[in-house]
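Q: Could you take me through this model feature by feature, giving the general idea and then the case at hand?

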Amino acid sequence: MLSYFLRRLILVLPVAFGVSVVCFMLVQIAPGDPLTAIMPVDATAEQQAAMRAAYGLDKPLPVQYLIWIANLLQGEMGRSIASGRPVADEVFGAVGNSLLLAGAAAVIAFPIGTFLGFLAGYFRDTILDRVITALSITGVSVPNYWLGIVLVIIFSVNLGWLPSMGAGPGGSQDWHWDWAHIRHLVLPAVTLAVVPIGIVARTVRALAGDILSMDFVTALYAKGLGRGDVLRHVARNAAATALSVMGLQLGYLLGGSILIETVFNWPGSGFLLSNAIFQRDLPLLQGTILILAMFFVGMNLIVDVAQAAIDPRIKRT
Amino acid sequence: MLHLRKGLAALALSVAVLGAHGASAQGTLRIGMTASDIPLTTGQTDQGGEGLRFMGYTVYDALINWDLTSADKPSVLTPGLATEWSVDPEDTTKWTFKLREGVTFHDGSTFDAENVVWNLDKLLVEDSEQYDPRQSAQGKSRIPAIASYRAVDDHTLEIITKEPDATLPYQLAWIMMSSKANWEAQDKDWEKVAEHPSGTGPWKLEAFVPRERAEMVPNEEYWDKDRVPKLDKLVLIPLPESNARSAALMSGQVDWIEAPAPDTIPAMEGNGFVISSNAYPHNWTWHLSRLEGSPWNDIRVRKAANLAIDREGMGALLGGLMIPAEGFVPPNSQWFGNPDFKLTHDIDAAQALMTEAGFGPDNHLQVKALISPSGSGQMLPLPMNEYIQQSLAEAWIDVEFMVVEWNQMINLWRAGADDPAVEGSQSINFTYFIQDPFTGFIRHLDCDLVAPNGTNWGHYCDEEMQDLFKQIKTTFDPEEQDAILRQTHEKFVNDALFLMVTHDVAPRAMSPKVQGFVQSQNWYQNFSSITMAE
């Protein structure tokens, strides 16, 4: 197991290097100028050139990349051009807020998705299966930012039950696990959970249906096992794939919540990324993308190791 | 009798206590800004006009401020930390400023002439200890006239300009004064100052969470007693997404939002929210290329295009929240004058001019226009430009759009009409601040500011106009200077130098609880007069 883990860990290194090159180059290719965020539009060409030199933006791209990566290896992510604050502070603060939101969405989505998926798989081709399948497809298909706006109109504007924006009184730095703060989490977390509910439900339904039709299940029944014991075997067989899907979904929840965080003004990594894109804040953009990409890589590593722990056959592949 | 006296005394005391409480406890105002972050707090703000509105003229003062007290007339300059200023008649590059006495910063230190010198060094002198590149990036380009400066005594400042320049007072209205003593107390570290700023303004920044909120409390010691805030607290919340802003207001999470989307306004008004708006120096135009070969070099084409647009009709598209252009500056501007060319909607006259210029129903003029899908101050650029496209088609002008994202648009605005990146576009739809002679007139058409040296995008250069700009800079009597500015504006309009379309009215939506707000005809506003009703 340890050698498998080390082998996977070594494979992460070239992936991390590739990610760093891609995220550095991508933001450079996009048109626009980071100085726009920090200089008046009628700053003279001379003043712009001076500022470009001050931020090192006048150097050739490979040199800029080497400086960036050298600083990164020393734990220094630079400063945001737009805000002047350290990128690390900005990114980790925002990622923490996104983890909170993604975690809440996962807590809602994964149990519900798994339960619905098992129900549909177990009662395959019945009315219940069709209803759950229809709900799952709807969940996956509905644009979640639209759903977010609708939920805000109903529960914030019309009913006044839940707040429409922000991370609670005093902002995210003052987060507490009390209702005054948790109520700010409800609408974005529910909105964010809708897509993974659909995906997990459809995955688990397919897995459960397939496994239930396998010969070993018939053999288990023939050996006299009850329905509960058989389902336990089915669950164990489905767990590795379901876990892998959930792991990826958690990554998507963290990195893919850009629209939800914008609609709900949630101060997470998606909101940060969106602002960094509009301001062409290159250091912040590179830092945020890198951290989110590395989170994906880390999640994949964890899922791989967990899958191997659940299903020993995987270690041999 | 004694009981009665005691009773009256108790009653009087109660009324006095209640009155005092009522005067100082007028509630909290929460504002949803369009900015995505709290503007830079150290003095010279970022985030454009909104930055100075919420973090500049609140926490800080300039030597010369804008008068924000009236909704009925255009804003003019008013004494700020300088009580009076004059130029030496013998040497019109030498200015003397008398500074206000008895002013203290929020940290308790005293404001004096050395402080002004220290603040100017902060922006202009790169090897000074307090030089701050971030503030310099915002402030240096605003004071191009300044050559040198010195403190004559504690309350007298001298500024020497590079050449005679009567627009210096307008330039100084951009420059906010931060506290030297506070910078020293914060280990001479601007990052620490950002968390604990100190100005002389009517509001003190009490707390801020980057990208989430800033909280301000009144500066009870403010030198202008009329601008001591009546509120207990002012809370600023960045809400860049317009739907999120509207929902936050309608669900009671904020009391005021900037720039509500026009399509949400009927619903807001239907729910009892108040829409406040007023004319202010904002311009929505097309700047025209004057490079050789541009069709806009023909004054008949420029006039025809201006006559082809039904500006009143565009009002419906914007929920009425616009002022149809009658010239380059808003019609009530002190610099409007009396142009001969009237911007009416007259399609027959437009077609007659186009015929004269050699075009017709079977021979349309083809032009290419740079536009953006969104952007600060751009209002609703896509539908508005499509409306213009339809209007111009009636005058046989076919418009092909080149649509670029806002950040890239700013680069193309700086680059100018002859830059290959504009791909032959002959006009650009760009909106901006026209609050002073430089931003309102000079920067757009000065021969010395042809892009990329400045923002004369279209490469216009005209001897007569250049002479008018020179007169603006060398006329030191404000009334005479206003007269020349009116003359300049008349030439802007009579020569149809732009496609002049509309002016924004700075709409803001607020709860009916917000009382006492006077929306000045300015990019900045005064929040000190506001109270919150129960």
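Q: Which residues of α11(A) meet which residues of α12(A)?
A: This is a predicted model, and in it S269(A), L272(A), L273(A), A276(A) and I277(A) of α11(A) meet L284(A), L285(A), T288(A) and L292(A) of α12(A). Sorted by class, this contact has seven nonpolar and two polar residues, with no charged ones.

Q: How is the geometry of such a helix pair read, and at what angle do α11 and α12 of chain A cross?
A: Two packed helices are described by the angle between their axes together with the distance between those axes. Here the axes of α11 (residues 269-279) and α12 (residues 282-310) of chain A come within 9 Å and cross at roughly 145°, and the crossing of α11(A) and α12(A) is left-handed.

Q: In what order do the strands of the open sheet in chain B run?
A: The six strands follow the order β14-β18-β13-β17-β15-β16 in chain B, with mixed pairing. Strands β14 (323-324) and β16 (397-403) of chain B stand at the edges and have a single partner strand each, so one side of each is left without a neighbour in the sheet. Helix α13 (residues 381-394) of chain B packs on the sheet, where it touches β15 (365-371), β16, β17 (427-433) and β18 of chain B, and its direction makes about 160° with that of β16(B).

Q: In what sense do β13 and β18 of chain B pair?
A: Strand β13 (residues 282-288) and strand β18 (residues 498-503) of chain B pair in the antiparallel sense over four bridges, and T285(B) stands opposite M500(B) in β18(B).

Q: How many of the residues of α10(B) are buried, and what covers them?
A: A residue counts as buried when 20 or more other C-beta atoms lie within 10 Å of its own. Eight of the ten residues of α10 (residues 299-308) of chain B are buried, so this helix is largely enclosed by the rest of the structure. The buried residues are V301(B), R302(B), K303(B), A304(B), A305(B), N306(B), L307(B) and A308(B), and their cover includes β13, α12 (347-356), β15, α13, β16 and β18 of chain B.

Q: Which residues of the largest nonpolar core touch the most other members?
A: Among its 211 residues, these are A105(A), A62(B), A304(B) and A395(B). Helix α7 (residues 179-212) of chain A gives the largest share of this core, 15 residues. Leaving aside residues up to four places away in sequence, A105(A) touches A189(A), L192(A), A193(A), P196(A) and L253(A).

Q: How many residues does each chain bring to the contact between chain A and chain B?
A: Chain B brings 36 residues and chain A brings 37 residues. On the side of chain B that touches chain A, the largest share, six residues, comes from α14(B), and the residues of that side divide into twelve nonpolar, 13 polar and eleven charged.

Q: Which backbone values deserve a second look?
A: Most residues other than glycine have a negative phi, and most peptide bonds are trans. The peptide bond from A451(B) to P452(B) is cis, with omega near 10°, and P452(B) lies in the loop between α15 (437-445) and α16 (463-474) of chain B. Phi is positive, near 65°, at D125(A), a residue in the loop between α4 (87-122) and α5 (127-141) of chain A. Phi is also positive at A259(B), near 45°, in the loop between β11 (256-258) and α9 (265-270) of chain B.

Q: Are D125(A) and A259(B) buried or exposed?
A: D125(A) is exposed, having 9 other C-beta atoms within 10 Å, whereas A259(B), with 20 C-beta neighbours inside 10 Å, counts as buried.

Key:
Residues are numbered from 1 along each chain as its sequence is written. Chains are lettered from A and ligands numbered from 1 in the order in which they are written. This is a predicted model: local features need pLDDT of at least 70, side-chain atom pairs count only at pLDDT 80 or more; totals for chains, interfaces and linings use all residues. Two strands pair if DSSP finds at least two bridges between them. Helices (H or I, at least four residues) and strands (E, at least two) are DSSP runs, numbered from the N terminus. Two residues are in contact if their C-beta atoms, placed from the backbone, lie within 7 Å. Axes are lines fitted to C-alpha atoms, for helices over the stretch in contact, and angles run from 0 to 180 degrees between N-to-C directions. A nonpolar core is a set of buried Ala, Val, Leu, Ile, Met, Phe, Trp, Tyr and Cys residues joined through C-beta atoms within 7 Å. A residue is buried if 20 or more other C-beta atoms lie within 10 Å of its own, exposed if 12 or fewer, and partly exposed in between; C-beta atoms are placed from the backbone. Ala, Val, Leu, Ile, Met, Phe, Trp, Tyr, Cys and Pro count as nonpolar, Asp, Glu, Lys and Arg as charged, and the others, Gly among them, as polar. A crossing is left-handed if the near helix is turned anticlockwise from the far one by less than a right angle, and right-handed if clockwise.
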